[in-house]
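Reader: I am new to this structure and would like to go through some of its details. Please show it first.

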Amino acid sequence: MSNTKFKNPVVKWIDHRLPVFSFMDHELNHYPTPKNLNYFWNFGSLAGFALVTMIVTGIVLSMNYTAHVDYAFDSVERIMRDVNHGWLIRYIHMNGASFFFIVVYIHIFRGLYYGSYKAPRELLWILGVLILLLMMATAFMGYVLPWGQMSFWGATVITNLFSALPLVGESIVTWLWGGFSVDNSTLNRFFSLHFVLPFVIVGVVILHLVALHRFGSNNPIGIDIKGTQDTVPFSPYYTIKDLFGLSVFLSFFAAAVFFFPNFMGHPDNYIEANPMVTPAHIVPEWYFLPFYAILRAIPDKLGGVLFMFGAIAVLFVLPWLDRSSVRSSQFRPVYKIFFWILLLDCILLGYLGAMPAEGIYVILSRVATAYYFFHFLILFPLLPYIEKTKPLPISISEPILGGGSTASAFAMREKK
Amino acid sequence: MPKNSKSKKNNDGKRDFLIISTYAMAGIGAASVAWPLIDQMNPAADTLALASTEVDLSSLEEGQSITVTWRGKPVFVRHRTPEEIKLAKEVSLDEMRHPETDEERVSNEKFIVLVGVCTHLGCVPLGQKSGDVKGQYGGWFCPCHGSHYDHSGRIRKGPAPTNLEVPSYKFLSDNIIKIG
Amino acid sequence: MTNASSNFFYNNILNFFLIFLIILLSKVSFAAGEKISYPQLNWSFSGIFGTFDRASQQRGLQVYKEVCSGCHGMRLLAYRNLKAIGYNEDEIKAFASENSVNTINDDGEVVERSARPSDKFVSPYPNDKAARAANGGAYPPDLSLIVKARPDGANYLHALLTGYIDAPTDQKIPDGMYYNKYYAGNLIGMPQPLYEDGVEYADGTKATPEQMAKDVTAFLAWASEPEMEDRKRLGVSVMLFLLLLTALSYFAMKQIWAPIKEQ
């Protein structure tokens, strides 16, 4: 790397010894990015922003929080009432979790729609699913910390999932709790893990970015970059676009934090945890609801747990389940319809997760669960054999159709 | 990088201004978010509420001392005897490391109010209880490194650089003081 | 670029998606709530610009003190917090000193001293078990967070306090229970607390049960969210800032991208 591109002597001196400026210059100014990305590509940087926000506010909250069953609830209320700007920081953290999940879910569905998980980006996708899994663990443990009724009973129910495992289940649950129920030891270890897991997420995010920069971003057309005419430098084109996306995101976020801070929460969590009384309706946070619905749809305890984790496990192997070589749904007329069905199915599961497990809700949950697995395990592998894909353009900058109008996905694969 | 066409040159200034103000605005936003994150480490409202404390001196007899906690530190209040007051006033300022008259250090000469933290390295001096070592000048004595304080809490011998601090306080009535 | 029309299309999808998500979330969070509907009042503190009514809050404090505090504590509130609803230091000091708290003297004995502004509201019972024992097993909940801890808290509280009616003739009322049309299951352990002229308001307001219920709810709503006025005020400035930043960054983006779009 040449050292002449920096004029400032201090920058030059540092860069010669520690090429951070060259790295940044390379990754921002020269990193070629497809010029046709739409606003759905904003959600990656938004997720990064959300992660940083959560870590910064979380560190600050931990300075004022006490991880002890007798003090946890009151220490959170002290943050809300006495600590300078404490209410602001806590509401940002609390709503930040929800917005982080909204952003990440949109990011995932964008990947599904445009086939961003396909070769050569399989590892990029898998690292992303790993981030989702780590986020879920972190969010779950974070929700326990305020030590309200929902914290306590959520922790009890979710940790009890592991008791479904044959033979070792009970011992694992006791081990997770560090006792015979969710108690002080549980709260302490959850606090410790909730603090440290986000840094593990940062590590995986860095790998996610390394994998991304290997082949660059996918794009709405889903075809590979043919040359410089297809790209623009990341900066200033996408820095300004990300800034615009960020301000729009922050407007929604600020509206929630300042005007509806408890909208996505549950009133019962403002009642201190009481191991003797379970609230009438216990519901997980909204971002777990689809998985919760799958759990309850299966009438068997172990089966429910397996299907729930299976719902994430299928995402890990998705790059090999989907046999089509056409990435973008724009050229897959049949898959496109099923994509929207899957999205509605997930939203339906989320709705059902919040409903009582009775009557029509149980039947609907089963249908929706069945569709979810049908979509991943049967539709993805088989659809390419049936589906006639639309012809792909030659390049991003020349949206002229290439190949015959009936070229199938398999024909396209051979052309490459 | 693509260039603006020549006809647009006149617009360059406007264009730069717009872009620079956008980034400047984002910078202002980021900077103002930093303040709450810093300010949360300042004392919270409940801590500040304990920043002043009231002490009832009516049961404090002549020659007795009490120690009260104020802002997490010990505060010495001593009801001095006439002899102690006399000694504190008589002494010449020339012999002192940190010259202050007794009048400057009390508002009612019967009561001396001091932050009970040695100005050397922060130990709590002895001298509050009747059996304590009070040092050569009869006031307080720091056991850590041997600083001697007189009846007015002034440093007279030993390593401490300054007199024992007098907290801000006022008499709300004859017998009640408010410290802080 | 062919994407002009498709960008438009995706923008719309994005909007649709976000709006849908928000609607969905609102459905979900209320779906799990109570099935009883309460009268919806027009509170001064609801809405984006809503603020608390100081006079109503002060009357509410009086209702709390004279009626509720016999059984219900407010352990998260400190006497000093009353400054926010318009009391000065001397009034707060006097109000606090009517209560006493336990402390340990130099001889290690537990003694009482009068409460100070820095103390938390003194609870009527020393602990939860004592509270249960004194109320026939029913626990009178702490009221510090009650408005946030119930769905649609302010309306619920107002409804509950004014919901004592004669029980239907076929309803058996067990000993120590009372009939309330807004309580889940209709049988509540708390006897009707508010009666005509149950308190005498210093400002001459007529103390009807309806008035007292509104006042004490206004007071408790503040106790649950003492930061609310600051929060909304700051929120308005933040929203204005973000709208400006959004507009600026949108036009800056259009400027920067113009040469690319022209190609």
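Reader: Is the disulfide of B:C123 and B:C144 left-handed or right-handed?
Author: The model is predicted, and the values below are computed from it. A disulfide joins B:C123 to B:C144, with 2.1 Å from S to S. The torsion about this S-S bond is about -100 degrees, so the disulfide is left-handed.

Reader: How many residues apart in sequence are the parts that B:C123 and B:C144 tie together?
Author: B:C123 lies in the loop between β4 (111–115) and β5 (140–142) of chain B. B:C144 lies in the loop between β5 and β6 (147–149) of chain B. The pair therefore ties together parts whose separation in sequence is 21 residues.

Reader: Is B:C144 buried, partly exposed or exposed?
Author: Buried means under 20% relative accessible area and exposed means over 50%, with partly exposed in between. The relative accessibility of B:C144 is 38%, so B:C144 counts as partly exposed.

Reader: Which residue holds the closest cysteine sulfur to the sulfur of B:C142?
Author: B:C142 is buried, with a relative accessible area of 2%. A disulfide needs two cysteine sulfur atoms within 2.5 Å. For B:C142 the closest cysteine sulfur is 3.8 Å away, too far for a bond, and it belongs to B:C118.

Reader: How many disulfides does a search of the whole structure find over all chains?
Author: The pair B:C123 and B:C144 is joined by a disulfide. Over all chains, the search finds a count of 1.

Reader: What kind of aromatic pair do A:Y113 and A:Y114 form?
Author: Over all chains there are 54 aromatic pairs. In the pair of A:Y113 and A:Y114, the ring centres are 4.7 Å apart and the planes are at 75 degrees. Planes over 60 degrees apart count as edge-to-face. The pair of A:Y113 and A:Y114 is thus edge-to-face.

Reader: How many residues apart in sequence are the parts tied together by A:Y117 and A:F380?
Author: The rings of A:Y117 and A:F380 have centres 6.3 Å apart and planes at 80 degrees, so this pair is edge-to-face. A:Y117 lies in the loop between α5 (86–113) and α6 (122–144) of chain A, while A:F380 lies in helix α15 (residues 360–386) of chain A. The parts that they tie together are therefore apart in sequence by 263 residues.

Reader: Is A:F380 buried or exposed?
Author: A:F380 belongs to an aromatic cluster that includes A:Y117 and A:W125. A:Y117 has a relative accessible area of 0% and is buried. The relative accessibility of A:F380 is 2%, so A:F380 counts as buried.

Reader: Where is A:L377?
Author: A:L377 is one of the residues that make a nonpolar surface patch of about 620 Å², along with others including A:F374 and A:Y385. At 43% relative accessibility, A:L377 counts as partly exposed. Its place in chain A is helix α15.

Reader: Which ring does the charged end of A:K241 sit over?
Author: Within chain A, A:R214 lies over the face of A:F215, 4.8 Å from the ring centre. The charged end of A:K241 is 5.9 Å from the centre of a ring in chain C, that of C:W257.

Reader: What pattern does chain C follow along the sequence?
Author: Chain C has 263 residues, and buried residues make up 41% of them. The chain has 7 helices and 4 strands. Read along the sequence, their pattern is α-α-α-β-β-α-α-β-β-α-α.

Key
Residues numbered from 1 in each chain as written. Chains lettered and ligands numbered in written order. Predicted model: local features only at pLDDT ≥ 70, side-chain atom pairs only at ≥ 80, totals over all residues. Heavy atoms only, no water. Phe/Tyr/Trp six-rings, centres within 6.5 Å; stacked < 30°, edge-to-face > 60°. Helix = DSSP H or I, 4+ residues; strand = E, 2+ residues; numbered from the N terminus. Buried < 20%, exposed > 50% of the residue type's maximum accessible area, 1.4 Å probe, protein only. Lys NZ or Arg CZ within 6 Å of the ring centre and 35° of its normal. Patch = residues over 30% accessible without salt bridge, like charges linked within 9 Å, V, L, I, M, F, W, Y side chains within 5 Å. Areas by Shrake-Rupley, 256 points an atom, 1.4 Å probe, with all protein chains shown as cover. Salt bridge = Lys/Arg side-chain N within 4 Å of Asp/Glu carboxyl O.
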